[in-house]
Amino acid sequence: MGQLKLSTDLWSSQTVFILAAVGSAVGLGNLWKFPYITGENGGGAFVLVYLACVLLIGIPVLMSEIALGRAGKANPVQAMSNLARENGASRLWALLGLNGVLAGALILSFYTVIAGWAVSYFFQSFSGAFVDMNASEANSHFDALMANPYELLFWHTVMSLVTILIVSKGVKAGLERAINLMLPALLLILLVLLGYATTTGAFGKSFNFLFAADFSKLTWESVLIAMGHAFFTLSIGLGTMMVYGSYLSQKSSIVKASLWIAFADTAIALIAGLVIFSIVFSNGLEAGSGPGLLFETLPVAFGQMAGGWFFGTLFFALVVMAALSSAISLIEPVVSWFDQNWGIKREKAVWILGTLIWVFGIGTVLSFNVWQDVHFLGEKTFFGTVDYLTSNIMLPLGGLLMAVFMAWVMTKEQIKTQIDLSSGWMKWFILDLKWLSPIAVLVVSSSGLVASESVLIMVAISLFLYGAYVWNVTRKN
Ligand code: TRP
């Protein structure tokens, strides 16, 4: 093992940290994934579960993850190992970091492919390809792109290269500069689109679709997807926020930062949903058309509306920028692990890892054409499998372990130096991390994975044993 280092490259201010974290949180999850899974899972009730998960699990885990990073002062693997040693806990906690760096690489492998679609659409919109396009043309247009593995591979490669180039420049020069430019532009363009959405005539319908809850449409699987998405969209459970937290100075307020991150991320997803479904409904299109939703429907709207060339081009530029600031945060945990633990310099590490991730991403490229009928997990394609394993299993599992570590292993004093909550809120915070979040994640995961009564009973028994065990351990200390 090489020279062990701690994170030293600090953010230049709290605001810059918040911008970077929001840049990580806001991405394809908000603009591409949230609308399409909301469409597939029936709208309102799904959105309500997602919002509840953000509030009750997401925000407490987000605060914990940043705190663990700042206290552990290193990449996720090393930070967990540092904290475990400090508190006399098992060094196996480093596995939590390992789960994270692996999940980050896996997510990035499909993330650059999907972002590549947006790069392609940006250029097409700019060249006027969407002018006067109707629904069936947009459909075949998207299908044609999906059917062409070489084109998908090309854009996947472009996106991967840009990500590698930015990350290789390091925290200050690379990440900060990129993010400072992206975020304000992103917000501005989204607000312009929101203004447009109110003129489509379907804004009310879109609003009802997102906020009128019909629970008959909800299954355990969709609850699991909603919960997994809360982790995905907030960038938690993996170590991104941990490594960003390790670059955060002790003076900054983790509570305030977390609330801003969650607020901005949720607001942007909901605005994106309102915009997209307004356009979907005003053109009589399908809400549940799947991963293609954004790409099959928006060109129609942009092709027909006044100023569509302009709005369309701006919109796809927005998707690409948002994806980029998230992509760099997906690779940062594993890069800092290579740099700090293995003595492989950032620049070299990024190129090695970036290449491996790019190769793995070819599986996702093929999922939409050559391997379209090759199934891995159940009915799922290669892409579907990687997405499912990361979002719905690895991230919730990582988040669960972070909550447990924070609440059961860290001392009261350690928590207090990191989390600046009043004593009243602190009680709720710890209660949530100790019981509500872990139990919710376990129940939802197991029932979503295997929806049968007997499994639920087994989960209840294991939870009881878990509680008894933890109770026993903490009493002895
Ligand atoms: N949150 C990003 C999005 O919504 C994706 C992302 C970036 C992410 N970093 C992460 C997801 C870390 C999970 C963990 O698109």
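Reader: Which helix has the lowest mean pLDDT among the elements of the protein?

Author: This is a predicted model, and the protein averages a pLDDT of 89, with 91% of the residues scoring at least 70. Where pLDDT is low, the coordinates should not be read in detail. The highest mean among the elements, 98, belongs to helix α3 (residues 44-72). The lowest, 62, belongs to helix α19 (residues 453-476).

Reader: What is the distance from an oxygen atom of the ligand to an N or O atom in the side chain of Tyr111?

Author: Tyr111 is listed with Ala25, Gly29, Phe232 and Ser235 as the closest of the 16 residues that surround the ligand. A backbone N or O atom of Gly29 lies 2.8 Å from a ligand oxygen, and a side-chain N or O atom of Asn30 is 3.4 Å from a ligand oxygen. For the side chain of Tyr111, the distance is 2.4 Å.

Reader: How much of the ligand's accessible area does the protein cover?

Author: The ligand sits in the largest cavity. Elements giving two or more residues to the shell around it are α1 (14-25), α2 (28-40), α10 (220-234) and α14 (308-342). On its own the ligand has 360 Å² of accessible area, and the protein covers 100%.

Key. Residues are numbered from 1 along each chain as its sequence is written. This is a predicted model: local features need pLDDT of at least 70, side-chain atom pairs count only at pLDDT 80 or more; totals for chains, interfaces and linings use all residues. Side-chain values use heavy atoms; hydrogens and water are left out. A residue is near a molecule or strand if one of its heavy atoms lies within 4 Å of it. A polar contact is a pair of N or O atoms within 3.5 Å; within protein, one must be able to donate a hydrogen and the other to accept it, and residues adjacent in sequence count only if both atoms are side-chain atoms. Accessible areas come from the Shrake-Rupley method with a 1.4 Å probe; for residues, only the protein chains shown count as cover. On a 1 Å grid over the protein atoms alone, a cavity is a set of points where a 1.4 Å probe fits but cannot get out, and a pocket is an open set with protein on both sides within 12 Å along at least five of seven lines; lining residues have an atom within 4 Å of a point. A molecule sits in a cavity or pocket if more than half of its atoms lie within 2 Å of its grid points. Helices (H or I, at least four residues) and strands (E, at least two) are DSSP runs, numbered from the N terminus. pLDDT is the predictor's confidence in each residue, from 0 to 100.
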